[in-house]
Amino acid sequence: MTFRWKDQKTPLLCLAPMEGYTDSAYRQIIKEVEPKVICFTEFTSADGLKFGNRKSFKRIEFKPEIERPLIAQIFGSDPAVMAESAKILEDMGVDGIDINMGCPSGKIIATCRGSALFEEPELAFKIVDATQQATSLDVSVKMRIGFGKFDLPTLLNFTKNLESSGAKHIALHGRTTKQKYTGMSDWEPIYEVKKQAGVPITGNGDILTVENVQQKIGNLDGVMIGRGTYGNPWIMKEVQAYFDGKEYKGPTTLEEKLPTILRQAKLACEFKGEKKGIIEMRKHLSNYIHGFKNASKYRFRLVRVNTLNEIEEIFNEIINSTN
Ligand SMILES: Cc1cc2nc3c(=O)[nH]c(=O)nc-3n(C[C@H](O)[C@H](O)[C@H](O)COP(=O)(O)O)c2cc1C
């Protein structure tokens, strides 16, 4: 059945797109822990897809039987290229196309991509329109609440026009581009966008616990969680349990967490080959031991591992030392 944002059961629970993190192995772990999550890929270049760049395609590879519904995120500034890449992605079997209008990186905004599109509204609307016309999949937008100085009427006008250009869902991160990742995400403007919206609105920024979700969801259709999943995919199950009126508390000991950690490492190796898979896994390993006794001592070793066996050995050592 075709994925449609408006038909999804609310509250929505989304995994935020995170470059360098939310690859197929990461998403599969999230889905194994909580199947109801809607996953977004890392952003990938529309130009890269158009010109057959191997890296751009690699970012979209996925296991359909586990990862659906999967939303592929693209960035770019040329409506025709965005449209073309949407068609390519539809052929690859993804379930939705998301347009990145939130990336604050200098390299991206210098060429009018990512969050720079907030400053070029007419181009932003053309991109949404062209992309939505090119595909039968739903097109959505992920953005920030502003670029420089926050201004509510500008935000409301921008999101309203995204919607009339064809956007079927908007995820809002409660920071401006200038803020990058400093300060705290401000959810008040997101509630204001929701009051006038005809499409689902998902709030994003600084959710680390179920309590944060309880405090922040307000009138919104859902939440999107990024860094809160670092070393803690179980947050997704905890939040979904809360949405379903139940209670769930994720594992607290490394012994309980170890099978998931090893599974993620194995998937990363399957997906990228052992050498690259392990290198990319190092940061996740270090996130999994965050807050544990002697974490810094073990982190030193974990960021240098080269094999799956080494990972298992070090974790068993940590577990034995704490028993
Ligand atoms: C390492 C990293 C990579 C990110 N990559 C992307 C990306 O590819 N596309 C995107 O729209 N946002 C990206 N973001 C922003 C996140 O999707 C999210 O909006 C932000 O981290 C705030 O949510 P959080 O507090 O739940 O992490 C990235 C954030 C981080 C920390």
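The buried residues of α13 are covered by, among other elements, α12 (254-272), α14 (295-302) and α15 (308-322). Contact here requires C-beta atoms, placed from the backbone, within 7 Å. The model is predicted: local features need pLDDT of at least 70, side-chain atom pairs count only at pLDDT 80 or more, and totals for chains, interfaces and linings use all residues. Residues are numbered from 1 along each chain as its sequence is written.

Five residues of α13 are named as buried: G277, I278, M281, L285 and Y288. A buried residue has 20 or more other C-beta atoms within 10 Å of its own; an exposed one has 12 or fewer; partly exposed lies in between. An α-helix has 3.6 residues a turn, so residues three or four places apart point the same way.

The protein contains 15 helices and 8 strands. These are DSSP runs, numbered from the N terminus: H or I of at least four residues for helices, E of at least two for strands. The radius of gyration is 20 Å, close to the 20 Å of the globule rule for 323 residues, so the protein is as compact as a globular protein of that length. The radius is taken over C-alpha atoms, and the rule is 2.2 Å times the number of residues to the power 0.38. Of the 323 residues, 47% count as buried. Among contacts between residues at least 6 apart in sequence, 68% join residues at least 24 apart.

Most residues other than glycine have a negative phi, and most peptide bonds are trans. The T10 to P11 bond is cis, with omega near -5°. P11 sits in the segment before β1 (12-15). R68 and P69 are also joined by a cis bond, with omega about -5°. P69 belongs to the loop between α4 (64-67) and β3 (70-75).

C112, not a glycine, has a positive phi of about 60°. It lies in the loop between α6 (106-109) and α7 (121-134). C112 is partly exposed, with 15 other C-beta atoms within 10 Å. K180 has a positive phi of about 50°. K180 counts as exposed, with 12 C-beta neighbours inside 10 Å.

Key:
Contact = placed C-beta atoms within 7 Å.
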